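Hello,

Here is the structure I wanted to hand over to you.

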Amino acid sequence: MDPLMPPPIRRIAVDRDPRVVVPQPSANGAATATVPAPAEHIRRAPSAVVRERMRAESVWLAYGENWVVRDVSLPVRQGEVLALIGASGSGKTTLLRSFNRLTEITEGAARAGQITLDGQDIYELEVNHLRRRVSMVFQQPNPFPMSIFDNVAYALAEQSPPRGRRRRRTPQIEAAVHEALVRAGLWDEVGDDLGRSALRLSGGQQQRLCIARALAVNPEVLLLDEPASALDPISTAKIEELIVGLRESVAIVIVTHNLQQATRVGDYVAFMHLGELVEYGTTEQIFLHAVQQRTRDYVSGAFG
């Protein structure tokens, strides 16, 4: 082929007219292409029963003299998935960690305001009891270096006295492990080999195992800190399907940088910026009819 000649034109036939995205003006007047979230994700059928489990009221959180969360109030409800979105450093992970008092383990942490679980101030609860009721799954899968069964049974054994003589293979614990793996969508893949090391599972399976471990103690609230950020698209889809299915039985709060993920799993969305709660509402409202200009700019990709 002559290097001076232009490349040949390739024509791609499509079975429908292409969708044209109209540029939207950003805060500085520049045109920014907005990619609307798929309507079928946003308009997912609501849960049959919605029940408030936690509530943040005028919450302020600081590390040293730096207030990283400023005057945030919002509910956390069973039957819904609450997605926390915002740029890095916006305070969303700090807020998430405050729901089971993980922020207090950082030296110099301070707080103001109130967080309640079923109407009771979480600082009136014994911390280990709170963390069984409000479980957390982290960004990187962190299975224990033991069998699949023992990973899930560990949390149950911690509750079963006497601690010095744990009996992890009781019928009650076996039933609870089975139920947790079923709820986490993992039983069909690992149920015939529970003695295998958890470290031999794939990344997506390890994360679902961590979710099963969190679910084993039947928490009222499940906190997820970017649970699929390190996973491939297929594993991510399984985690997202799991999250949507679990909302009927447990209140879920997820931190995500992936806006499309927020539309796929979120029933409500809270957009945070520089520690402030800029806007809170249904997923459809935040992504398609946001009130605040900063929200519109963020979901359209003008900054982030």
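**The second largest cavity**

At least two residues of the lining of the second largest cavity come from each of β4 (66–78) and β5 (81–85). Strands here are DSSP runs of E with at least two residues, helices are runs of H or I with at least four, and both are numbered from the N terminus. Before you go further, please note that this is a predicted model, in which local features need pLDDT of at least 70 and side-chain atom pairs count only at pLDDT 80 or more, while totals for chains, interfaces and linings use all residues. Residues are numbered from 1 along each chain as its sequence is written, and side-chain values use heavy atoms, with hydrogens and water left out.

The second largest cavity holds about 50 Å³ of space. A cavity is a set of points on a 1 Å grid over the protein atoms alone where a 1.4 Å probe fits but cannot get out, and lining residues have an atom within 4 Å of a point. The volume is the space filled by probe spheres set on the points, which are joined across faces, edges and corners.

Which residues line the second largest cavity? They are P75, V76, R77, E80, V81, L82, I252, Y268 and Y280. β4 gives the most to this lining, with three residues. By class the lining has seven nonpolar, no polar and two charged residues; Ala, Val, Leu, Ile, Met, Phe, Trp, Tyr, Cys and Pro count as nonpolar, Asp, Glu, Lys and Arg as charged, and the others, Gly among them, as polar.

**The aromatic pairs**

There are four aromatic pairs in the structure. Rings of Phe, Tyr and Trp (its six-membered ring) pair if their centres lie within 6.5 Å, and planes under 30 degrees apart count as stacked, over 60 as edge-to-face and the rest as tilted. Because Y268 lies in strand β11 (residues 268–273) and Y280 in strand β12 (residues 276–282), the pair ties together parts that are twelve residues apart in sequence. Y268 is partly exposed at a relative accessible area of 22%, and Y280 is partly exposed at 24%. Buried means under 20%, exposed over 50% and partly exposed in between, with a 1.4 Å probe and protein chains only.

F271 and Y298 form a stacked pair too, because their ring centres are 4.9 Å apart and their planes are at 20 degrees. This pair links distant parts of the chain, with F271 in strand β11 and Y298 in helix α11 (residues 293–300), 27 residues apart. Both F271 and Y298 are buried.

How much of β11 is buried? Five of its six residues are, so β11 is largely enclosed by the rest of the structure. β11 pairs with β5 in the parallel sense over four bridges, and strands count as paired if DSSP finds at least two bridges between them. A83 stands opposite V269 in β11. With β12, β11 pairs in the antiparallel sense over six bridges, and M272 has L277 in β12 as its bridge partner. The hairpin of β11 and β12 has two residues between the strands, and L274 there takes a positive phi near 55 degrees.

In α11, the residues T295, D297, Y298, V299 and S300 are buried. Just after α11, G301 takes a positive phi of about 90 degrees. V299 is 39 residues from Q260 in sequence and 9.6 Å from it in space, C-alpha to C-alpha. Q260 is in helix α9 (residues 259–265) and, at 28% relative accessibility, is partly exposed.

**The largest cavity**

The whole structure has two cavities of 30 Å³ or more, and the largest holds about 80 Å³ of space. Its lining consists of V59, W60, L61, S98, R111, A112, G113, Q114, I115, D121 and Y123. The elements that give two or more residues to it are β3 (51–63) and β6 (109–117), and β6 gives the most, with five. This lining has six nonpolar, three polar and two charged residues.

Best wishes

Terms used
On a 1 Å grid over the protein atoms alone, a cavity is a set of points where a 1.4 Å probe fits but cannot get out, and a pocket is an open set with protein on both sides within 12 Å along at least five of seven lines; lining residues have an atom within 4 Å of a point.
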